[in-house]
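Work through the exercises below with the model open. Try each task before reading its solution.

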Amino acid sequence: MRAKKDDEMKKDLLLTDRWVVVDLDGTIIRNDKVPTKVARAAKVLQDAGWSLIVATGRILAGALPHIKALKTACPAIVYDGARVMDPKTGKVYFEKKIPRQIAAEVIGLGFDLPLEIQVYGDESVICRPSDLLTITYFKSLDVELKPFLVSSRLDEEVFRVIFFGKPLLASKLKSLLEERLKGAVNLTLAGDDFLDVLPAGVSKGVALEALKEISGKRDAFIVGVGDHMNDLEMLRMSDFRAAPADALSEIREMADVIIPPSSKCGFCELCELLSSDGFEENLSRRCNANV
């Protein structure tokens with residue numbers, strides 16, 4: 001019975017043997033929207049047999065408008081890898097939380113700094129009453145917002161803690177957390193001014209590996225597309241890597257191809273490349289060699 005349920009779930013995941021796993025912010029969206037040109041290119045790519053998987057630091061509600069614009073029904077890697085969720089139903093395929101005591105210690109170490117704090121619960125965001133940018137942004141998404149954080153104390157386990165503000169201050173806090181917590185959490189800079197605190201051992205790459213296992217597509221050909229350090233593990237486990245021209249130098253150095261930045265709809269060029277006869281022939285030869 002369990003095997004039958006597993007087979008049904010794998011079928012429901014709607015995944016082919018070719019995946020494009022793409023970051024949103026700084027990689028594909030522009031002015032917080034998917035450009036029409038990019039949406040059209042994404043559809044052509046999917047019509048050619050590629051599964052398009054969004055991998056983002058956003059919660060599902062924050063990513064959903066872009067997932068809908070891209071017209072992908074594939075599971076999404078959200079919370080920077082702390083969850084894998086079905087964009088239509090909200091079903092959770094994979095998740096990992098930060099223990100409450102550790103999350104409280106993280107928040108306490110940054111609580112009095114002039115950085116905004118976002119604490120991600122189950123499709124909800126906790127912040128301080130003074131975190132006005134956070135409050136304004138999440139109210140615009142119609143996300144459950146709890147602006148009642150007046151100390152480091154939490155009543156629930158959470159998936160992710162973000163500090164954002166001045167890059168130098170975010171970097172200093174990262175060093176402090178590394179020194180104090182010594183591997184109890186995973187720390188990454190998700191942007192120049194974003195410090196991302198995740199459960200230990202969690203990344204977009206770990207979530208991608210979990211999705212391969214859950215779907216039964218362990219040999220899927222993976223194209224990874226990203227621009228910042230929180231995309232690093234995802235790109236490492238990809239068979240082919242793409243990065244925008246304005247990505248971090250560490251990310252560009254890993255890339256097999258450099259595409260124009262999101263401001264110039266660079267993802268369209270990648271879609272064209274992946275749909276080309278030359279790329280298809282190379283991919284076919286690879287698949288045949290693995291048989």
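Buried means under 20% relative accessible area, exposed means over 50%, and partly exposed lies in between (1.4 Å probe, protein chains only). The model is predicted: local features need pLDDT of at least 70, side-chain atom pairs count only at pLDDT 80 or more, and totals for chains, interfaces and linings use all residues. Residues are numbered from 1 along each chain as its sequence is written, and side-chain values use heavy atoms, with hydrogens and water left out.

**Exercise 1. Classify the ring pair Y137 and F138, and the exposure of each residue.**

Start with the criterion. Rings of Phe, Tyr and Trp (its six-membered ring) pair if their centres lie within 6.5 Å; planes under 30 degrees apart are stacked, over 60 edge-to-face, and the rest tilted. The whole structure holds nine aromatic pairs. In the pair Y137 and F138, the centres are 5.0 Å apart and the planes meet at 75°, so the pair is edge-to-face. Y137 has a relative accessible area of 28%, so Y137 is partly exposed. F138 has 3%, so F138 is buried.

**Exercise 2. Which parts of the chain does the pair F240 and F279 tie together?**

First, the geometry. F240 and F279 are edge-to-face, at 5.2 Å centre to centre and 80° between the planes. Then locate the residues. Helices (H or I, at least four residues) and strands (E, at least two) are DSSP runs, numbered from the N terminus. F240 lies in strand 13 (residues 240-244) and F279 in helix 11 (residues 277-290), so the pair ties together parts 39 residues apart in sequence. Both are buried: F240 at 15% relative accessibility, F279 at 11%.

**Exercise 3. Which side chain of opposite charge is nearest to R241?**

Lys and Arg count as positive, Asp and Glu as negative; His and the chain ends are not counted. A salt bridge needs a side-chain nitrogen of Lys or Arg within 4 Å of a carboxyl oxygen of Asp or Glu. R241 is found in strand 13. The nearest side chain of opposite charge is D256, 4.1 Å away. R241 is buried yet has no salt bridge. Now list its contacts (heavy atoms within 4.5 Å). Leaving aside neighbours within four places in sequence, R241 touches G224, L235, R236, M254, A255, D256 and V257.
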